[in-house]
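I opened the model today and went through strands, pairings and charged contacts. My entries follow.

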Amino acid sequence: MRVDIVTIFPEFFQVLDVSLLGKARQDGIIDVRVHDLRDATTDRHRTVDDTPYGGGAGMVMKPEPWGQTIDAILDDAAGQPAVPAEGSGSGDARPLVVFPSPAGTVFTQATARRYALEPHIVFGCGRYEGIDQRVFDDTAERARVELVSLGDYVLNGGEVAVTAMIEAFGRLVPGVVGNPESLVEESHEDGLLEYPSYTKPALWRGREVPDVLLSGHHAKIAAWRHEQQIERTRRVRPELLPPELR
Ligand SMILES: Nc1cc(-c2ccc3ccn(Cc4ccccn4)c3c2)[nH]n1
């Protein structure tokens, strides 16, 4: 899987060299390439922003550097088709270009599962008040474009959102996580929040571990854990409960 990231803060993504994703990159499972948007500027000050038409506070990112950078990435990728992950992808052979945005559709575990099957994703990290709309419209001529939000709060740019999304789908790409079974029993994977976890010691500051977890009775443990998931989901995120459990 190939991932391209366009940003004015390339150093931000050194974090992707660490931990699980770092190993996936070393193993060649995920090929991450970071592009500095300013490399596509032509003026002495390497300008990437300008004042908004129609007035208003803040600055808007100029379309030219974005168009040039995205074209270069898509042209390069067209010359070396990336290998899709196992499993059925979107069926649309065009590359996927994702722009984090407060105005985007909300990124969920279902989005992460879908992205994990894509052979190639380009992420465009905006800054300032956002990117000139014509960049999205122009890119949509040759790629699938998605505007995606992490949630109902406003960040200063797309870099944090892209890091979170790469972690969310990256761990689902076959070969990235050592034990794929650990991906199944977890929050949101089955639609419910996860059950509480315990480890040694059996007694800590006067607090014990639920007896059922020490019983060795796997069916009872599984039943208790599922009940805990339902209880926690009903208490914290009732909207996630399937209709039959509400
Ligand atoms: N879930 C999300 C995503 C973002 C996000 C993503 C990309 C950009 C590029 C610029 N900004 C700042 C900004 C502030 C005000 C209005 C528009 N944009 C971004 C914010 N915030 N929250």
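**Entry 1**

I looked up Asp-92 first: its relative accessibility is 27%, so Asp-92 counts as partly exposed. My cut-offs are under 20% relative accessible area for buried, over 50% for exposed and partly exposed in between, with a 1.4 Å probe and protein chains only. This is a predicted model, in which local features need pLDDT of at least 70 and side-chain atom pairs count only at pLDDT 80 or more, while totals for chains, interfaces and linings use all residues. Residues are numbered from 1 along each chain as its sequence is written, and side-chain values use heavy atoms, with hydrogens and water left out.

Asp-92 forms a salt bridge with Arg-144, with 4.0 Å between the closest N and O atoms. The pair ties together parts 52 residues apart in sequence, because Arg-144 lies in strand β7 and Asp-92 in the loop between α2 (63-78) and β5. I count as a salt bridge a side-chain nitrogen of Lys or Arg within 4 Å of a carboxyl oxygen of Asp or Glu. Helices (H or I, at least four residues) and strands (E, at least two) are DSSP runs, numbered from the N terminus.

Arg-144 also forms a salt bridge with Glu-118, the closest N and O atoms being 2.8 Å apart. This pair links distant parts of the chain, as Glu-118 sits in the loop between α3 and β6, 26 residues from Arg-144. Is Glu-118 buried or exposed? I found Glu-118 buried, at 2% relative accessible area. Arg-144 is buried too, at 13%.

I stayed with β7 (residues 144-149), where Glu-146 is found. Glu-146 has a relative accessible area of 18%, so Glu-146 is buried. Its side chain makes a polar contact of 2.7 Å with that of Arg-114. Such a contact is a pair of N or O atoms within 3.5 Å; within protein, one must be able to donate a hydrogen and the other to accept it, and residues adjacent in sequence count only if both atoms are side-chain atoms.

Over 7 bridges, β5 and β7 pair in the parallel sense. Two strands pair if DSSP finds at least two bridges between them. Val-97 has Val-145 as its bridge partner in β7. β5 (residues 96-106) also pairs with β6, again parallel, over 3 bridges. I noted a right-handed β-α-β unit made by β5, α3 and β6. Right-handed means that, with the strands pointing away from the viewer, the path from the first strand over the helix to the second runs clockwise.

**Entry 1: β1**

How many residues of β1 are buried? I counted 6 of 6. Arg-2, Asp-4 and Val-6 point one way from β1, and Val-3, Ile-5 and Thr-7 the other way. In a regular strand the side chains alternate between the two faces of the sheet.

I then checked the neighbours of β1. Strand β2 (residues 31-36) pairs with β1 in the parallel sense over 6 bridges. β6 (residues 120-124) runs parallel to β1 and is joined to β1 by 5 bridges. Ile-5 has Val-34 as its bridge partner in β2 and stands opposite Phe-123 in β6. A right-handed β-α-β unit is made by β1, α1 and β2.

**Entry 2: remaining salt bridges**

The structure holds 17 salt bridges. One of them joins the side chains of Arg-237 and Glu-239 at 2.5 Å, N to O. Salt bridges that share partners also join Arg-2, Asp-4, Asp-31, Arg-33 and Asp-76 into one network.
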